[in-house]
Amino acid sequence: MTVCLLLLSVLAVTAAVPVPRTLTRAAWPEREPVVALWVWQCLVATVLLCCLTALALGAAAVFGTVRAQLFAPAPPAVTAAYDLSTAPPWAAVLTVLLACGAAWTTTMLARELVEARRRRALARAHLRERAPDLPAGLPAARGPLLVLEDEYPDAWWMPGSPPQLIVTTGALHRLTGHQLDAVLTHERGHARARHDWLLHLSSALATGFPRIPLFAHFCDQTHRLVELAADDTASRRCGHLTTALALIELNQHRGVLSCASSRRLLGERVDRLLEPPARLGRRHRALTTTAAALVPLLPLLITFAPGLTALS
């Protein structure tokens with residue numbers, strides 16, 4: 001059991017500190033944002049599984065009631081292989097810390113979801129007061145649209161039941177038909193991939209554990225990569241140039257081409273669309289995705305290794 005806890009701790013620290021810093025310096029996530037998002041999610045899943053399995057083993061070693069419930073269906077040889085009766089003194093401290101971490105994580109996730117629902121309800125009430133009826137002649141095939149009277153061009157997707165796309169009259173006046181299609185496709189890309197859930201998860205973890213590099217980088221990179229992924233969805237349908245022009249027209253009043261740090265991502269997105277990066281090879285993409293999917297299995301293999309050895 002001591003060996004399992006040590007291996008889980010080493011794996012969690014490795015996935016939480018050096019790997020995220022290396023990944024943020026890599027160039028390929030900009031070429032394949034969807035694969036990069038998958039890799040980040042697998043890293044987070046690995047750390048959370050390491051903590052959860054270590055908590056289960058530590059609780060089983062420290063508390064006899066938990067041990068009896070956890071290993072009730074297991075043969076005696078499996079229970080003996082874990083050697084839970086000789087738990088080191090630090091196992092109790094580690095178990096308490098992991099339990100506090102699990103409770104804090106659950107609290108932060110619940111808080112993020114409650115706050116997101118509250119903000120969404122306020123935004124919907126505000127929009128109902130300001131939005132006029134849908135103007136005649138706007139194609140209904142573009143989905144559930146809500147037109148908002150505003151001189152500034154803007155468009156965004158509001159998750160919920162039902163989800164809704166908000167477009168300002170400024171955007172309808174400034175964008176061409178193809179550019180408007182690119183904007184709508186971009187926002188639908190966010191909706192289909194459920195990027196809102198990913199953003200809530202990353203924000204909750206970064207807020208709850210700001211000093212852990214993985215969660216801080218996960219939040220920053222998620223907010224960046226979801227936009228790049230949605231840009232790719234729009235450019236595949238409407239073209240890179242049309243999508244770039246729509247992005248410029250939609251954000252020109254915000255300083256899309258300025259060097260301000262708050263708007264730097266907009267400029268990077270435009271440059272990326274005007275000069276599309278070379279894609280990863282199909283084989284390389286498949287290998288990266290497969291390797292990332294296998295990483296979260298390591299905590300489970302480490303945890304179940306003594307039991308599998310005893311059964312064999």
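**View 1. F209 and F215 are both buried.** Buried means under 20% relative accessible area, with a 1.4 Å probe and protein chains only. This is a predicted model: local features need pLDDT of at least 70, side-chain atom pairs count only at pLDDT 80 or more, and totals for chains, interfaces and linings use all residues. Residues are numbered from 1 along each chain as its sequence is written, and side-chain values use heavy atoms, without hydrogens or water. The whole structure holds 1 aromatic pair. The ring centres of F209 and F215 are 5.7 Å apart and the planes meet at 50°, so the pair is tilted. Rings of Phe, Tyr and Trp (its six-membered ring) pair if their centres lie within 6.5 Å; planes under 30 degrees apart are stacked, over 60 edge-to-face, the rest tilted.

**View 2. Two spans annotated as transmembrane region are helix.** The annotation comes from an unreviewed UniProt entry and covers residues 36-59, 90-110 and 286-308. Such annotations may be inferred rather than shown by experiment. Residues 36-59 are 100% helix, with end C-alpha atoms 35 Å apart. Residues 90-110 are also 100% helix, and their end C-alpha atoms lie 30 Å apart. Helices are DSSP runs (H or I, at least four residues).

**View 3. The second largest pocket has a volume of about 610 Å³.** A pocket is an open set of points on a 1 Å grid where a 1.4 Å probe fits, with protein on both sides within 12 Å along at least five of seven lines; lining residues have an atom within 4 Å of a point. Volume is the space filled by probe spheres set on the points. Of its 27 lining residues, V47, L48, C51, L98 and I212 lie nearest the centre.

Technical notes
Buried means under 20% relative accessible area, exposed over 50%, partly exposed in between (1.4 Å probe, protein chains only).
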